[in-house]
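I opened my notebook beside this structure and looked things up one at a time. Here is what I wrote down, entry by entry.

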Amino acid sequence: MAFARVFKNSKCNIIGMIHVDALPGTPLYKGNWSEIIDKAKYEANIYQKYKMDSILIENMHDIPYVQHRQFGPETTSCMTRICQEVRNIISKESRRIPLGVQVLACGNKQALAIAKACDLQYIRAEGFVFGHVADEGYTDACAGEILRYRKYIDAEEVLIFTDLKKKHSSHAITQDVTLLETAKAAEFFLSDGIIITGNSTGDAAKPKDFKDLKGKVNVPLLVGSGVTLDNIDDYFEYISAAIIGSHFKKQGLWSNDLCEKTIEAFMSKVLEMRK
């Protein structure tokens, strides 16, 4: 399986989030481009220090988000620069950590291009199967489009992890399609990994969802929100990876700086659970 080629653990790899500060061209940008790059590198070094299994880089602070059709080339260019800076740091170490990128909102082709250019191992994609209404507008299904684009740019080594019934979204138009049916559709459309979240950033996903899907789809399962030191036990046996952002920040708030004490405690527990 492609997932095993990239991630060393058979279950519960830990993916730490770098929430890149607001980029040039977005409402919250502060004219601090050099500082943005330095902060991303600083956070990558912290994650490396505590033996994170992977790092996912995302333009989380670019609020309010717009659909990929509306943001300019500066978003892709700036994210490429940041991802390359992080890649350069990780490449210096003997233990090569897999890196991923997500470009909000729905910048899946842009993420694939960045991953190809910067030697990243995966992207997190929105809207892979079935449409839904997100806070930035309607998100259409895109599996056929982005898999063709991945082939076109010779990036088939880049894995595509796909959100199902994504947070911050309404799924009323697909309420008659169960999570299992959605997962099977993603598997049929060649997803490399299925991400399940809660309703919003930092909101815990339902452990029952993973129990219900385990063994019924032959695709790695990832939890994409709400994992903490206190509830990691609820997911550990069922998931291939956990994507963690808010819990690794001070006061558990996604927009705050990283909290090394929390990261150290969390990774110590996970390493103990793997024994």
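Predicted model: local features only at pLDDT ≥ 70, side-chain atom pairs only at ≥ 80, totals over all residues.

**Entry: Ser240 and its contacts**

Setting aside neighbours within four places in sequence, I found Ser240 in contact with Phe3, Ser10, Lys11, Cys12, Asn13, Pro220 and Leu221. I then looked up where Ser240 sits: in the loop between α8 (232-235) and β11 (241-244). Is Ser240 buried or exposed? I noted a relative accessible area of 11%. The cut-off for buried is under 20%, so Ser240 counts as buried.

**Entry: Cys12, one of those contacts**

Cys12 is on the contact list of Ser240, and I followed it up. Cys12 belongs to the loop between α1 (2-6) and β1. I read a relative accessible area of 0% for Cys12, which is therefore buried. I also looked at the backbone here. Most residues other than glycine have a negative phi. Cys12 is not a glycine, yet its phi is positive, about 55°.

**Entry: Phe130, another positive phi**

I found Phe130 with a phi near 65°, again a positive value in a residue other than glycine. Phe130 sits in the loop between β4 and β5 (132-134).

**Entry: two cis peptide bonds**

Next I turned to the peptide bonds. Most peptide bonds are trans. I noted that the bond from Ile63 to Pro64 is cis, with omega near -10°. Pro64 is in the loop between β2 and α3 (73-91). I also noted a cis bond joining Leu104 and Ala105, where omega is about 0°. Ala105 is in the loop between β3 and α4.

**Entry: the barrel**

Which strands close into a barrel, and in what order? I traced eight strands, in the order β1-β2-β3-β4-β7-β9-β10-β11, and the pairing is parallel. Neighbouring strands of this sheet are turned by 25° against each other on average, with direction ignored. I then looked at helix α2 (residues 33-49), which packs on the sheet and touches β1, β2 and β11. The direction of α2 makes about 160° with that of β1.

I went along part of the barrel strand by strand.

- Strand β1 (residues 13-19) pairs with β2 in the parallel sense over five bridges. Within this pair, I found that Ile15 has Ser54 of β2 as its bridge partner.
- Strand β2 (residues 54-58) runs parallel to β3, and four bridges join them. Here Glu58 has Gln102 of β3 as its bridge partner.
- β3 pairs with strand β4 (residues 122-125), also in the parallel sense, over two bridges. Val101 has Ile123 of β4 as its bridge partner.

Are the faces of strand β3 (residues 99-102) covered or uncovered? I found both faces covered. Leu99 and Val101 are buried on one side, and Gly100 and Gln102 are buried on the other.

**Entry: helices α4 and α5**

Two packed helices are described by the angle between their axes and the distance between the axes. I looked up both values for helix α4 (residues 108-118) and helix α5 (residues 143-152): an angle of about 20°, with the axes 10 Å apart. Angles under 35 degrees count as roughly parallel, so α4 and α5 are roughly parallel to each other. I wrote down their crossing as right-handed.

Which residues meet here? From α4 I listed Asn108, Lys109, Leu112 and Ala113, and these meet Glu145, Ile146, Tyr149 and Arg150 of α5. The residues of this contact divide into four nonpolar, one polar and three charged.

**Entry: Asp119, past α4**

I finished with Asp119, which has its place in the loop between α4 and β4. Asp119 has a relative accessible area of 42%, so I recorded it as partly exposed. Leaving aside neighbours within four places in sequence, Asp119 is in contact with Arg87 and Arg96. I also looked up how far Asp119 is from Lys261: they are 142 residues apart in sequence, and their C-alpha atoms are 30 Å apart in space.

Methods: Residues numbered from 1 in each chain as written. Heavy atoms only, no water. Buried < 20%, exposed > 50% of the residue type's maximum accessible area, 1.4 Å probe, protein only. Contact = heavy atoms within 4.5 Å. Axes fitted to C-alpha atoms, helices over the stretch in contact; angles between N-to-C directions. Parallel < 35°, antiparallel > 145°, perpendicular 65-115°, else oblique. Left-handed = near helix turned anticlockwise from the far one by under 90°. Nonpolar A, V, L, I, M, F, W, Y, C, P; charged D, E, K, R; others polar. Pairing = 2+ DSSP bridges.
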